[in-house]
Amino acid sequence: MKIRDYREEDQASWLRCRVLSFMDSSYFDDVQRDREKYDNPVIQIVAVDHNGVVGFLDCEYEEKQGDVCYFKGDRGGVIWHMGVLPDYRGQGLATAMWHAAKKRLKENHVHRVEVWTQDDLEATRWYLKQGFVFKEAYLNAYLKGSLGDPTLKKFLNLQDCGDIFGIRSLNFEAPIERKEELADICYRLHEVRVYEAEL
Ligand SMILES: CC(C)(COP(=O)(O)OP(=O)(O)OC[C@H]1O[C@@H](n2cnc3c(N)ncnc32)[C@H](O)[C@@H]1OP(=O)(O)O)[C@@H](O)C(=O)NCCC(=O)NCCS
């Protein structure tokens, strides 16, 4: 197993690894078919074996304060993507990728890193173990139903939208304070939490 920088030729293998790594997490339907282009400098680390990419970590960082991070403060970075294929977990791969990224971030005078992640236990435990501290959260909520559903009617004004059938999925963000109320009516509800670590 090798930990190294991402290369252009890793793209197909990286995208496949991302889908498979998220399959058993709350990000199972967050499928990306192309590699994004970052506006700011980025550290892209991969774990590879003879089959290709088995783990990945992308951390974009600021050239000037406020370009990337949600919180104000020292020059910071954001981990946008991190995952390891299920069969390769628990061997220290995410930790090794994070150590490699941290070294590079420090060399580039980045002093703190943020991450937005949902309520997956494995990932949450990993971030806390690495010294990330919980800051705040909001809700990622999903509703569905037939057009006559009184709950949906509360959220949507469907009078002027023409002839449609049911709502397959209404996905919206909401304040964390509404968790109890929304838990009763949503078919899927996640806490989206932001954590921060000092380097
Ligand atoms: C979160 C995730 C990336 C962790 O990957 P991982 O490679 O299994 O993580 P690590 O191996 O570094 O750490 C996991 C455990 O293995 C243990 N471990 C085993 N061997 C190890 C070694 N040689 N070195 C370090 N840790 C080791 C760690 O102590 C840790 O133990 P813990 O469960 O008590 O915390 C992985 O679970 C994942 O891909 N989850 C789904 C995707 C996801 O949720 N991503 C985050 C969304 S932003």
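Trainee: Is strand β3 buried or exposed?

Mentor: Strand β3, residues 52-61, is mostly covered, with 10 of its 10 residues buried. Buried means under 20% relative accessible area, whereas exposed means over 50% and partly exposed lies in between, with a 1.4 Å probe and protein chains only. Strands here are DSSP runs (E, at least two residues) and helices are DSSP runs too (H or I, at least four), numbered from the N terminus.

Trainee: And what kind of model is this?

Mentor: This is a predicted model, where local features need pLDDT of at least 70 and side-chain atom pairs count only at pLDDT 80 or more, while totals for chains, interfaces and linings use all residues. Residues are numbered from 1 along each chain as its sequence is written, and side-chain values use heavy atoms, with hydrogens and water left out.

Trainee: OK, back to β3, which strand does a hairpin join to it?

Mentor: A hairpin of 2 residues connects β2 to β3. β2, residues 42-49, runs antiparallel to β3, and 8 bridges join them; two strands pair if DSSP finds at least two bridges between them. Among the bridge partners in β3, G52 goes with D49, and C59 goes with I43.

Trainee: How many bridges does β3 have with β4?

Mentor: β3 pairs with β4, residues 76-84, over 7 bridges, in the antiparallel sense. One of the partners in β4 is G77, which is bridged to Y61.

Trainee: What is the strand order in the sheet?

Mentor: The open sheet has 8 strands in the order β1-β2-β3-β4-β5-β8-β6-β7, with mixed pairing. Its edge strands are β1 (2-5) and β7 (167-175), each of which pairs on one side only.

Trainee: Changing topic, which strands does helix α2 lie across?

Mentor: Helix α2, residues 93-107, lies across β1, β2, β3, β4 and β5 (112-117), and it runs at about 150 degrees to β2. That angle is taken between N-to-C directions, from 0 to 180 degrees, using axes that are lines fitted to C-alpha atoms, for helices over the stretch in contact, where contact means heavy atoms within 4.5 Å.

Trainee: Last one, where does UniProt place a domain?

Mentor: The unreviewed UniProt entry places "domain: N-acetyltransferase" at residues 1-157, although such annotations may be inferred rather than shown by experiment. The end C-alpha atoms of residues 1-157 lie 54 Å apart, and the span is 27% helix and 32% strand.
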